[in-house]
Amino acid sequence: MQIREATADDWPGIWPFWHRVVAAGETYTWDPDTSEEAARALWMAPAKRVYVVEDETGTVVGSAYLTPNYGGPAARVANAGFMVDPDHGGRGIGRALAAHVLAEAGAQGFRGMVFNAVVETNPAVRLWTSLGFTVLATVPDAFEHPKDGLVGLHIMYKAL
C-alpha cells in the first residue's frame with residue numbers, strides 16, 4: 001500500500017466510503033445526510049493536509065486529514081480524522097495511516113494530537129490506545145448510536 005498526500009482528483013475515490021461510513025451513523029458526529037459538496041468541504045478544506053492510502057491497484061482505500069485543533073498560541077496541537085473503506089478493513093490500513101499521520105504531525109511541529117469526539121463504541125478506540133492515546137474525559141450519553149443507543153464521546157490525547 002502507498003500513502004501520499006491527496007490531490008483534488010482523489011475526492012471521487014474518497015467520497016463513496018466517506019459517505020458509507022458517515023451515513024451509517026456509528027462512528028462520526030457528522031450528519032449522516034451530509035451532501036457530497038458539504039462532505040468535500042469538511043474533508044478537503046484548504047487548512048487541512050489530506051492523505052490517501054492506495055492499494056496495489058491504485059484504488060483509494062483510506063484517507064485522513066491533519067489540521068491544527070486550535071488557533072493562536074495553541075496551534076501546535078493537532079487534530080486528525082481517519083477513514084478506511086469498510087470493504088478493506090482488517091488489513092492494517094488504519095494503523096499504517098495513523099502511523100503516517102502521527103509522523104507527519106511531529107515533522108510539522110505539532111506537540112500533541114487531540115481527538116474531540118471519539119464514539120466510545122468505535123473499534124478504533126483500541127487502535128488509538130495502542131498508539132499511546134489516552135482518554136482524557138468522556139461526555140456521557142452524547143451520541144445517539146443507531147444500534148447501541150446513547151453512548152459516550154471520548155476526548156483523547158497523545159503527546160508527540
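Strands β1 and β2 (residues 49–54) run antiparallel and are joined by four bridges; two strands count as paired if DSSP finds at least two bridges between them. Within β2, E54 is the bridge partner of Q2. This is a predicted model, in which local features need pLDDT of at least 70, side-chain atom pairs count only at pLDDT 80 or more, and totals for chains, interfaces and linings use all residues. Residues are numbered from 1 along each chain as its sequence is written, and side-chain values use heavy atoms, with hydrogens and water left out.

**The sheet**
- Seven strands form an open sheet with mixed pairing, in the order β1-β2-β3-β4-β5-β7-β6. Strands (E, at least two residues) and helices (H or I, at least four) are DSSP runs, numbered from the N terminus.
- β1 (2–5) and β6 (134–145) stand at the edges with a single partner strand each, so one side of each has no neighbour in the sheet.
- On average, neighbouring strands of this sheet are turned by 25° against each other, direction ignored.
- Strand β7 holds L150, which touches D141, F143 and E144, leaving aside residues up to four places away in sequence. Contact here means heavy atoms within 4.5 Å.
- L150 and P140 are ten residues apart in sequence, and their C-alpha atoms are 8.2 Å apart in space.

**The helices**
- Helix α3 (residues 93–107) lies across β1, β2, β3 (60–68), β4 (77–84), β5 (112–119) and β7 (149–159), and runs at about 30° to β3. Axes are lines fitted to C-alpha atoms, for helices over the stretch in contact, and angles run from 0 to 180 degrees between N-to-C directions.
- Helices α1 (residues 11–24) and α2 (residues 36–43) pack at about 110°, with their axes 11 Å apart.
- α1 and α2 are therefore roughly perpendicular to each other, a label used for angles of 65 to 115 degrees.
- W11, I14, W15 and W18 of α1 meet E36, A39, R40, L42 and W43 of α2 in this contact.

**The cores**
- The largest nonpolar core has 24 residues, of which L66, F82, V101, M113, F115, W128 and F133 touch the most other members. Such a core is a set of buried Ala, Val, Leu, Ile, Met, Phe, Trp, Tyr and Cys residues joined through side-chain atoms within 4.5 Å, where buried means under 20% relative accessible area (1.4 Å probe, protein chains only).
- Helix α3 gives this core its largest share, six residues.
- A second, separate core of 18 residues includes W11, W30, M44 and V52.

Terms used. Buried means under 20% relative accessible area, exposed over 50%, partly exposed in between (1.4 Å probe, protein chains only). Angles under 35 degrees count as roughly parallel, over 145 as roughly antiparallel, 65 to 115 as roughly perpendicular and the rest as oblique.
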